[in-house]
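Student: Could you take me through one part of this model up close? I'd like to hear about a single residue and whatever surrounds it, in one go.

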Amino acid sequence: MKSVCVFCGSNYGTSEAYSQAAWDMGKSIAEAGQTLVYGGANVGLMGMVADGAIDAGGKVIGILPKALQEKELAHTGLSELHIVSSMHERKAMMAERSDAFVALPGGAGTMEEIFEVWTWGQLGLHQKPCGLLNIHGFYDHLIEFLDHQTTEGFMKREMRNMVQVAEKPEAILQLFRTYVPPSTPKWIRKSET
Ligand code: AMP
């Protein structure tokens, strides 16, 4: 695993623990000798994760759409900053340049990004691990809902289990190292319900 993509909030959230966790996530990726790939902004948890990696001497690749360059404010201290023409191009490039994907606390943008790469994995378009860093129980309700989708027959257990969950950055990186993608198709036959 050479590079890890982090999706996270462009805001800071109400608890200092979120910023600290973002910093630690960046630091852990750098200390593991991996490259951080992220959205390229210097605001919110996005800025914190980049700064944590840079402070630990890591390589950081930012990918920012032109339209967001001013709104999200491009980070100026990155190893590489790619300004792309659309959100679609950003997500495609992030997916291509990364070997694993983790979501830290965030808003709708963070949800959209992690769900998209997870669903690409479900369809077998890639075999890369996806995970949630569950700081302060931030993702407890979402995890509960994913289990609900599974018990209600809309998702196979193997697909649900593709989403790795950990509370500490080192722990999620370790889960990624041992990740085995499912070998079964995502669709549930009528006879299985
Ligand atoms: P948020 O979690 O809403 O603070 O957004 C975090 C990141 O997701 C930011 O880099 C946003 O630019 C990005 N983002 C926001 N909306 C979307 C979207 N619809 N699709 C993909 N990324 C988005």
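Tutor: Let's take Lys 91, which counts as buried because its relative accessibility is 11%, and the cut-off for buried is under 20%. Keep in mind that this is a predicted model. So what does Lys 91 pair with? Its salt-bridge partner is Glu 112, and the closest N and O atoms sit 2.8 Å apart. That pair links distant parts of the chain, since Lys 91 belongs to helix α4 and Glu 112 to helix α5, 21 residues apart. Glu 112 itself is partly exposed, at 39% relative accessible area. As a general point, side chains of opposite charge can pair when their charged atoms come close.

Phe 7 gives us a way over to another residue of α5. Thr 110 is in contact with Phe 7, and also with Cys 8, Gly 9, Ala 103, Leu 104 and Tyr 139, if you leave aside its neighbours within four places in sequence. Thr 110 is found in helix α5, which covers residues 108–122. It counts as buried because its relative accessibility is 3%.

The elements that give two or more residues to it are α5, β6 (130–133) and α6 (140–151). Again α5 has the largest share, here three residues.

Arg 97 forms a salt bridge with Glu 80, and the closest N and O atoms are 3.2 Å apart. Glu 80 lies in strand β4 (residues 80–84) and Arg 97 in helix α4 (residues 87–97), so this pair ties together parts that are 17 residues apart in sequence. Both ends are partly exposed: Glu 80 has 22% relative accessibility, and Arg 97 has 29%. Lys 59 comes into this as well, as salt bridges that share partners join Lys 59, Glu 80 and Arg 97 into one network.

For a pair inside one helix, go to Glu 31 and Lys 27. Their salt bridge has its closest N and O atoms 3.5 Å apart. Why are they about one helical turn apart? Because they are four residues apart in helix α1 (residues 16–31). Glu 31 counts as exposed at 55% relative accessibility, while Lys 27 counts as partly exposed at 34%. In total, the model has nine salt bridges. The one we began with has a buried Lys 91 and a partly exposed Glu 112.

How values were computed. Residues are numbered from 1 along each chain as its sequence is written. This is a predicted model: local features need pLDDT of at least 70, side-chain atom pairs count only at pLDDT 80 or more; totals for chains, interfaces and linings use all residues. Side-chain values use heavy atoms; hydrogens and water are left out. Buried means under 20% relative accessible area, exposed over 50%, partly exposed in between (1.4 Å probe, protein chains only). Contact means heavy atoms within 4.5 Å. A salt bridge is a side-chain nitrogen of Lys or Arg within 4 Å of a carboxyl oxygen of Asp or Glu.
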